[in-house]
Structures are given as C-alpha cells and as structure tokens.
Amino acid sequence: MMKHRTVCEAVKKGEVGRRGVAVTEFYIDGEPQVYCLGYGDAMNDEPIDTCKNCRDFDGNSDEDFEKYMERKGR
C-alpha cells in the first residue's frame with residue numbers, strides 16, 4: 001500500500017486527534033493510490049483549510065489522476 005506523502009498537518013497543529021480516514025482512489029501499476037478524506041468544518045460542511053491544502057487530501061486525487069493519465073499519453 002502506498003504510504004501517505006505528507007505528515008498530517010492538522011494533527012501537528014492540534015486541530016484534530018488523528019489523521020482522517022484513508023481511501024484508495026485509483027491504482028498505478030497495481031499500486032493503490034491512497035488519499036485522506038480529511039475533516040470537515042461543522043460550521044459550513046466544508047473541509048477544514050488545513051485538509052484542503054494537504055497534498056494527501058482526497059479532493060486533490062482528480063488532479064493527480066489527470067497528471068498520471070497525461071504521462072501515460074491518454
């Protein structure tokens with residue numbers, strides 16, 4: 001399983017107690033590409049800013065997938 005690329009900043013900042021739930025979005029050469037679902041802000045149902053800005057956040061998986069597909073020439 002692919003390791004997360006970054007240390008959870010929300011945990012480091014004390015905003016949350018532990019990293020969010022992991023989710024596999026796609027596979028590259030049989031290797032799962034794992035992202036974090038992050039944490040939501042109860043006031044507006046949006047992900048907290050720290051999560052939105054994280055490279056491992058699930059909201060960034062589409063961009064990573066598109067880059068992967070471009071590299072493959074599709």
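A: Helices (H or I, at least four residues) and strands (E, at least two) are DSSP runs, numbered from the N terminus. This is a predicted model: local features need pLDDT of at least 70, side-chain atom pairs count only at pLDDT 80 or more, and totals for chains, interfaces and linings use all residues. Residues are numbered from 1 along each chain as its sequence is written, and side-chain values use heavy atoms, with hydrogens and water left out.

Q: OK. How many residues of strand 2 are buried?
A: 5 of the 6. So strand 2 is largely enclosed by the rest of the structure.

Q: And which way do strand 1 and strand 2 pair?
A: Antiparallel, over 6 bridges. Two strands count as paired if DSSP finds at least two bridges between them. As one example, alanine 22 stands opposite cysteine 36 in strand 2.

Q: What sits in the loop between strand 1 and strand 2?
A: Aspartate 29 lies there, between strand 1 (22-28) and strand 2 (31-36). The hairpin has 2 residues between the strands. Aspartate 29 has a positive phi of about 50°, although it is not a glycine.

Q: Is aspartate 29 buried or exposed?
A: Exposed, with a relative accessible area of 74%. Aspartate 45 also has a positive phi, near 60°, and is not a glycine. It lies in the loop between strand 3 (40-41) and strand 4 (46-47). At 72% relative accessibility, aspartate 45 counts as exposed.

Q: New topic. How many disulfides does the structure hold?
A: 0. A disulfide here is a pair of cysteine sulfur atoms within 2.5 Å.

Q: Is cysteine 36 buried or exposed?
A: Buried, at 8% relative accessibility. Cysteine 54 counts as buried too, at 18%.

Q: Which residues make up the largest nonpolar core?
A: It has 7: Cys8, Ala10, Val16, Ile48, Cys51, Cys54 and Phe57. A nonpolar core is a set of buried Ala, Val, Leu, Ile, Met, Phe, Trp, Tyr and Cys residues joined through side-chain atoms within 4.5 Å. Apart from that core lies another, of 5 residues, among them Phe26, Tyr35, Tyr68 and Met69.

Q: What does valine 16 touch?
A: Ala10, Val11, Tyr39 and Ile48, not counting residues up to four places away in sequence. Contact means heavy atoms within 4.5 Å.

Q: Now helix 3. Which residues of it are buried?
A: Ser61, Asp64, Tyr68 and Met69. They cover an arc of only 135° around the axis, which puts them on the same side of helix 3. That arc is taken from the directions from the helix axis to the C-beta atoms.

Q: What do the buried residues of helix 3 pack against?
A: Strand 1 and strand 2.

Q: And which exposed residues are on the face turned away?
A: Asp62, Glu66 and Glu70.

Q: What follows helix 3?
A: Glycine 73, whose phi is positive, near 85°.

Definitions and conventions
Buried < 20%, exposed > 50% of the residue type's maximum accessible area, 1.4 Å probe, protein only.
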